[in-house]
Amino acid sequence: MTTHSTRMLILGSGPAGLSAAIYGARAGMKPILVQGIQPGGQLMTTTDVENYPGFADVIQGPWLMEQMQKQAEHVGTTLIYDTIVDVDLTGRPFRMTGDGGDVYEGEVLVIATGAQAKWLGIDSEEAMKGKGVSACATCDGFFYRGKKVAVIGGGNTAVEEALYLTNHSDDVTLIHRRDSLRAEKILQERLFAHPNVKVLWNKEVSGFIGGGSPEGLVAIDLKDTVTGDISRLDVEGGFVAIGHHPATELFRGHLELDSDGYIKVETGSTRTSVPGVFACGDVMDKVYRQAVTAAGTGCMAALDAERFLAAAEFAGDAISEAVAAAG
């Protein structure tokens, strides 16, 4: 068993974690970043990226993460492959334990463990990911300009994605397995009033159908949840919008989470309910969930952490001086 100690410990290696590492390293905190179960985060499964600032041409998600990782290492970050299985936030330094027994200690902790989209779990879904099936309309809707698209889901996320897609398509279908939506009333009113959106009630997706050259989505097979009838909807884009899982199980009982399991932070900062612990990226953001916003909050977390350490060290020096004067 090895103990790794640092001023700044970072969990998660997506845009948020790596941005925090870059800023932390430049501030002289010599961060250690534990990469976790999916190094690079969700961008490692994203092919074409057109909306990350600074690149006129389409770039690949894995390439972007590789460049961020190289930059973090170049400025002084230590990257370690491990999966954290236990946390102790009862005092500083904070202690994390990896599945191989290694211990990681940090005077401050930045949590950037991200979130994963929920999927339907059918075989054809996996085969068609990136070929017309997506879990992020904001990320990929631009690729479906003028095409027929469908959104699967019935909550706020699904309704918001359907409305967003009307910026690119005049033929948007919302597919829901029940006869009423769970979304907020005001969102439902906007959806029902929009001329370019129609809703298919009591329909469950049974398959995504590919075709063409190169192969892409051409249709969605549907099963009626009341009658059992099978039908087919011709579309070129299918967006699964049934929610996300924030990677916060480790922190239940240690940090304050909201009702959906996201880490709560103070408004306008990345500070959590435990002083010295900061959260950034999709683990605390259920509204925007973009690579660029994750990177921005990663920068915020590093700056918040740097200021926390400076204040703690100043307070420590003041106490030491007071004790010396009294002695």
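## The antiparallel sheet

In strand 16, Ile220 has Leu233 as its bridge partner. Strand 15 (residues 216–224) and strand 16 pair in the antiparallel sense, over 5 bridges. Strands here are DSSP runs of E with at least two residues, helices are runs of H or I with at least four residues, and both are numbered from the N terminus. Two strands pair if DSSP finds at least two bridges between them.

The sheet is open and has 3 strands, in the order 14-15-16, with antiparallel pairing. Strand 14 (203–211) and strand 16 (230–234) stand at the edges with a single partner strand each, so one side of each has no neighbour in the sheet. Neighbouring strands of this sheet are turned by 25 degrees against each other on average, direction ignored.

## Model and overall figures

This is a predicted model: local features need pLDDT of at least 70, side-chain atom pairs count only at pLDDT 80 or more, and totals for chains, interfaces and linings use all residues. Residues are numbered from 1 along each chain as its sequence is written, and side-chain values use heavy atoms, with hydrogens and water left out.

The chain has 7 helices and 19 strands. Its C-alpha trace spans about 85 × 40 × 35 Å along the principal axes. Of its 327 residues, 47% count as buried. Buried means under 20% relative accessible area, exposed means over 50%, and partly exposed is in between (1.4 Å probe, protein chains only). Among contacts between residues at least 6 apart in sequence, 58% join residues at least 24 apart. Contact means heavy atoms within 4.5 Å.

A second open sheet has 5 strands in the order 10-17-11-12-13, and the pairing is parallel. Its edge strands are strand 10 (133–134) and strand 13 (197–200), each pairing on one side only. Strands of a sheet pair through backbone hydrogen bonds, either parallel or antiparallel.

Strand 11 (residues 149–152) is joined to strand 17 (residues 237–240) by 4 parallel bridges. Val151 has Phe239 in strand 17 as its bridge partner. Strand 11 is also joined to strand 12 by 4 bridges, again running parallel. There, Val149 stands opposite Val172. Which residues of strand 11 are buried on its two faces? Val149 and Val151 are buried on one side, Ala150 and Ile152 on the other.

Helix 5 lies across strand 11, strand 12, strand 13 and strand 17. It runs at about 165 degrees to strand 11. Axes are lines fitted to C-alpha atoms, for helices over the stretch in contact, and angles run from 0 to 180 degrees between N-to-C directions.

Two packed helices are described by the angle between their axes and the distance between the axes. For helix 5 (residues 156–165) and helix 6 (residues 185–193), the angle is about 35 degrees and the axes are 10 Å apart. The crossing is left-handed, which means that the near helix is turned anticlockwise from the far one by less than a right angle. On helix 5, Asn156, Val159, Glu160, Ala162 and Leu163 make the contact; on helix 6, Leu187, Arg190 and Leu191 do. By class, this contact has 5 nonpolar, 1 polar and 2 charged residues. Ala, Val, Leu, Ile, Met, Phe, Trp, Tyr, Cys and Pro count as nonpolar, Asp, Glu, Lys and Arg as charged, and the others, Gly among them, as polar.

His168 lies in the loop between helix 5 and strand 12 (172–175). Is His168 buried or exposed? His168 is buried, with a relative accessible area of 18%. Leaving aside its neighbours within four places in sequence, His168 is in contact with Gly141, Phe142, Tyr144, Arg145 and Gly146.

## Cysteines

A disulfide is a pair of cysteine sulfur atoms within 2.5 Å. By this rule the count is 1. Cys136 and Cys139 form a disulfide, with their sulfur atoms 2.1 Å apart. The link of Cys136 and Cys139 is right-handed, with 70 degrees about the S-S bond. Cys136 is buried at 15% relative accessible area, whereas Cys139 is partly exposed at 29%.

Cys280 is in no disulfide; its nearest cysteine sulfur, that of Cys299, is 10 Å away. Cys280 counts as buried, at 1% relative accessibility. Cys299 is in no disulfide either. Cys299 is buried too, with a relative accessible area of 17%.
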